[in-house]
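Me: I would like to go through this model and ask, for each label attached to it, what the label rests on.

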Amino acid sequence: MPAIETLTLRRNTETGQATFFSHWRDPAKVATAAGIYGLIPAGEFQPSTIATWDRENDFDLWRNIVREYSEELLGEPERDGSQGVPLDYESWPLYRGLQTARTAGKVRPFCLGIGLDTLTLTATILTAVVIDDDVFDTLFGDFVAVNAEGHLVTASDTTAVTDGLPFDEPCVHRLLTDEPMASPGACILDRAWRLRHHLLGRQAG
């Protein structure tokens with residue numbers, strides 16, 4: 001099955017600038033892609049339960065991304081298709097909050113294409129989600145610094161993990177050229193930087 005990897009851009013509504021979030025995969029916690037950086041959230045495109053009905057109910061990129069947000073940013077248990085209790089999206093506060101903000105234009109998801117790893121032939125759906133800072137801070141105020149797969153990466157001058165990394169040319173260039181980064185995340189980051197004015201608006205640097 002394909003994976004989904006997402007560049008999450010926290011957009012400052014006053015300046016139009018953004019920060020993003022990267023994840024270092026701890027070799028002690030993961031079996032694949034250990035010791036490298038990736039974007040978060042990321043995961044397999046799969047149903048949330050073993051119920052036959054959820055094969056259709058969860059055949060949705062956005063719902064899959066929201067489930068990964070809950071796991072990787074908020075530290076909630078993984079909804080990986082091994083359980084039998086259906087997930088009621090419309091009554092789930094995180095999903096409902098993101099949907100409301102999306103309808104208001106304050107959360108904007110984008111699909112940037114599909115990448116195919118040249119070594120493993122693994123397919124990854126490449127996505128980006130732009131979230132206005134007020135919405136992000138409300139829904140992800142309990143952002144965890146460490147999750148089940150590793151820890152979140154922050155800039156040296158940040159005061160909180162939710163500050164993320166600056167979405168600017170020096171930071172993007174360093175990650176793409178000087179750091180061990182998984183190829184799907186590198187592809188998304190490169191493409192998103194090229195499309196930054198479309199993703200963030202003309203105020204973006």
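**Pocket lining and helix packing**

Reply: The lining of the largest pocket divides into 15 nonpolar, 12 polar and 10 charged residues, and, since this is a predicted model, every value discussed here is computed from predicted coordinates.

Me: How many residues line the largest pocket, and which of them lie nearest its centre?

Reply: The lining of the largest pocket consists of 37 residues, with A3, E5, R25, A42 and E44 lying nearest the centre, and the volume of this pocket is about 930 Å³. Among the elements that each supply at least two lining residues are strand 1 (3-11), strand 5 (42-44), helix 2 (61-72) and helix 6.

Me: What makes the peptide bond from I40 to P41 cis or trans?

Reply: The omega angle of the bond from I40 to P41 is near 5 degrees, and the bond is cis. Most peptide bonds are trans. P41 itself is found in the loop between strand 4 and strand 5.

Me: Why is helix 5 called roughly antiparallel to helix 6?

Reply: The axes of helix 5 (residues 169-178) and helix 6 (residues 183-194) come within 10 Å and cross at roughly 150 degrees. Angles over 145 degrees count as roughly antiparallel, and therefore helix 5 is roughly antiparallel to helix 6. The crossing of helix 5 with helix 6 is left-handed.

Me: Which residues of helix 5 and helix 6 meet?

Reply: From helix 5, E169, V172, L175 and L176 meet A186, L189, D190 and W193 of helix 6, and by class the residues of this contact are 6 nonpolar, no polar and 2 charged.

Me: Why is helix 2 described as oblique to helix 3?

Reply: The axes of helix 2 and helix 3 (residues 93-103) come within 10 Å, crossing at roughly 125 degrees. Angles of 65 to 115 degrees count as roughly perpendicular and those over 145 as roughly antiparallel, with oblique kept for the rest, so helix 2 is oblique to helix 3. Helix 2 passes helix 3 in a right-handed crossing, and the contact is made by W62, R63, V66, Y69 and S70 of helix 2 with L94, Y95, L98, Q99 and R102 of helix 3. The residues of this contact comprise 6 nonpolar, 2 polar and 2 charged.

How values were computed. Residues are numbered from 1 along each chain as its sequence is written. This is a predicted model: local features need pLDDT of at least 70, side-chain atom pairs count only at pLDDT 80 or more; totals for chains, interfaces and linings use all residues. Side-chain values use heavy atoms; hydrogens and water are left out. Axes are lines fitted to C-alpha atoms, for helices over the stretch in contact, and angles run from 0 to 180 degrees between N-to-C directions. Helices (H or I, at least four residues) and strands (E, at least two) are DSSP runs, numbered from the N terminus. Angles under 35 degrees count as roughly parallel, over 145 as roughly antiparallel, 65 to 115 as roughly perpendicular and the rest as oblique. A crossing is left-handed if the near helix is turned anticlockwise from the far one by less than a right angle, and right-handed if clockwise. Contact means heavy atoms within 4.5 Å. Ala, Val, Leu, Ile, Met, Phe, Trp, Tyr, Cys and Pro count as nonpolar, Asp, Glu, Lys and Arg as charged, and the others, Gly among them, as polar. On a 1 Å grid over the protein atoms alone, a cavity is a set of points where a 1.4 Å probe fits but cannot get out, and a pocket is an open set with protein on both sides within 12 Å along at least five of seven lines; lining residues have an atom within 4 Å of a point. Grid points are joined across faces, edges and corners, and a volume is the space filled by probe spheres set on the points.
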